[in-house]
Amino acid sequence: MRHGLTRQVIRLCACVCTAIGLSATGAGATGCLEFPTDVPQLLFAGDGYPSSAIAVEGDRAWVAGYGAIRVYDLGDPLSPIPLGTLPLSGYVSDLTVVDGSLLIGISGYGLRIASLTAGPVPVLVGALPFPGGAADVVFADGLAIVAAGTGGLVICDISDPAQPQVTATLGAAVGPVLAGAVELPDFATSLSGRDGSLWLSVGNTGLIAVDTTAPLAPAVSDLVELPGISYDCVLAGDVAFVAGSDELRVVDLAQPVPSATLGWYLAPSGPRSRWPVTMPLWRPERADSM
């Protein structure tokens with residue numbers, strides 16, 4: 001998926017929070033949580049190529065870097081076997097495997113579709129450029145739904161991979177956004193699905209829920225304003241973990257509209273390249289700061 005490293009970090013934090021039973025009450029009792037001492041172990045250090053996105057299905061992995069998608073056999077995770085390379089121009093921001101096809105989101109371009117049925121190396125069969133390019137792609141009910149940066153939200157019919165078509169858009173515009181709106185207040189960076197709705201990380205705004213029950217007429221259904229720039233979002237039940245420009249926000253989506261922010265994790269930046277084990281990371285959201 002898009003932002004491979006960012007999304008892995010968010011999921012790791014989500015797992016940590018779930019394991020320790022994170023809640024607004026529990027977090028507030030101590031004021032902070034300590035970073036866990038157990039860390040994942042590196043099994044494979046790569047083959048020297050920079051990468052921007054990854055998709056995995058079974059024992060097969062597709063890894064994108066600038067100019068190519070490389071395919072690996074993961075039968076032995078300690079020693080992945082390269083199976084081939086698909087040359088591809090542009091910066092690949094996201095990879096998604098769907099029903100024998102590989103959906104390829106390309107920044108500044110749009111969507112490309114490759115068939116996975118002809119052999120180990122994907123074969124390009126379709127392309128669909130649109131404004132803003134593709135930052136993140138999800139698949140739902142036969143449709144590819146794309147966070148298209150400055151192009152907003154783009155919904156594509158990919159029932160015929162060789163001839164994908166745009167069926168609806170939710171454009172980006174400058175200004176406030178209300179429930180039922182048909183525009184986004186800023187650029188769309190990522191997508192996550194929940195209960196028939198899509199949650200978008202939207203630039204300088206935060207999280208926006210889009211009702212896609214009528215896929216030809218998507219509309220905004222909820223808004224969670226967050227400080228800074230929201231880059232990526234991963235859902236764990238009723239909790240959203242949002243990667244921002246300087247922190248990881250934790251949002252309770254089970255609350256009535258508008259949803260409530262539970263708190264945030266301080267993220268290291270600049271010279272603080274590592275988190276000390278005793279560094280207090282968790283900060284509960286106070287009522288007077290909402």
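What share of the 290 residues in the protein chain is buried? Buried residues make up 44% of them. Keep in mind through these views that the model is predicted.

**View 1**
Let's start with the overall picture. The accessible surface of the protein chain comes to about 14,000 Å², and carbon and sulfur atoms hold 58% of that area. Among contacts in the chain with a separation of 6 or more, 41% join residues 24 or more positions apart.

**View 2. The largest nonpolar core, with its 17 residues.**
Here we move inside. Ile145, Leu153, Leu184, Leu191 and Leu200 are the members that touch the most other members of this core. At least two core residues come from each of β10 (143-147), β11 (153-157), β12 (165-172), β14 (188-194), β15 (197-202) and β16 (206-211). As background, nonpolar side chains in soluble globular proteins tend to be buried together.

**View 3. Leu153 and its contacts.**
Setting aside neighbours within four places in sequence, Leu153 is in contact with Ile145, Val146, Ala168, Thr169, Leu170, Leu184, Leu191, Leu200 and Val210. Leu153 also belongs to the group of residues that touch the most other members of the largest core.

**View 4. The hairpin of β9 and β10.**
Strand β9 (residues 136-140) pairs with β10 in the antiparallel sense, over five bridges. Asp136 has Ala147 of β10 as its bridge partner. Two residues lie between the strands, and Asp141 in the turn has a positive phi of about 55 degrees.

**View 5. An open sheet of four strands in the order β5-β6-β7-β8.**
Pairing in this sheet is antiparallel. β5 (91-98) and β8 (123-129) stand at the edges with a single partner strand each, so one side of each has no neighbour in the sheet. From one strand to the next, the twist averages 20 degrees. Seven bridges link β5 to strand β6 (residues 101-107), again in the antiparallel sense. Val98 has Ser101 of β6 as its bridge partner.

**View 6. Two buried cysteines, Cys156 and Cys233.**
Cys156 has a relative accessible area of 0%, and the value for Cys233 is 0%. Each falls under the 20% cut-off for a buried residue. How many disulfides does the chain have? With sulfur atoms within 2.5 Å as the criterion, the count comes to zero.

Technical notes:
Residues are numbered from 1 along each chain as its sequence is written. This is a predicted model: local features need pLDDT of at least 70, side-chain atom pairs count only at pLDDT 80 or more; totals for chains, interfaces and linings use all residues. Side-chain values use heavy atoms; hydrogens and water are left out. A nonpolar core is a set of buried Ala, Val, Leu, Ile, Met, Phe, Trp, Tyr and Cys residues joined through side-chain atoms within 4.5 Å. Buried means under 20% relative accessible area, exposed over 50%, partly exposed in between (1.4 Å probe, protein chains only). Contact means heavy atoms within 4.5 Å. Accessible areas come from the Shrake-Rupley method with a 1.4 Å probe; for residues, only the protein chains shown count as cover. Two strands pair if DSSP finds at least two bridges between them. Axes are lines fitted to C-alpha atoms, for helices over the stretch in contact, and angles run from 0 to 180 degrees between N-to-C directions.
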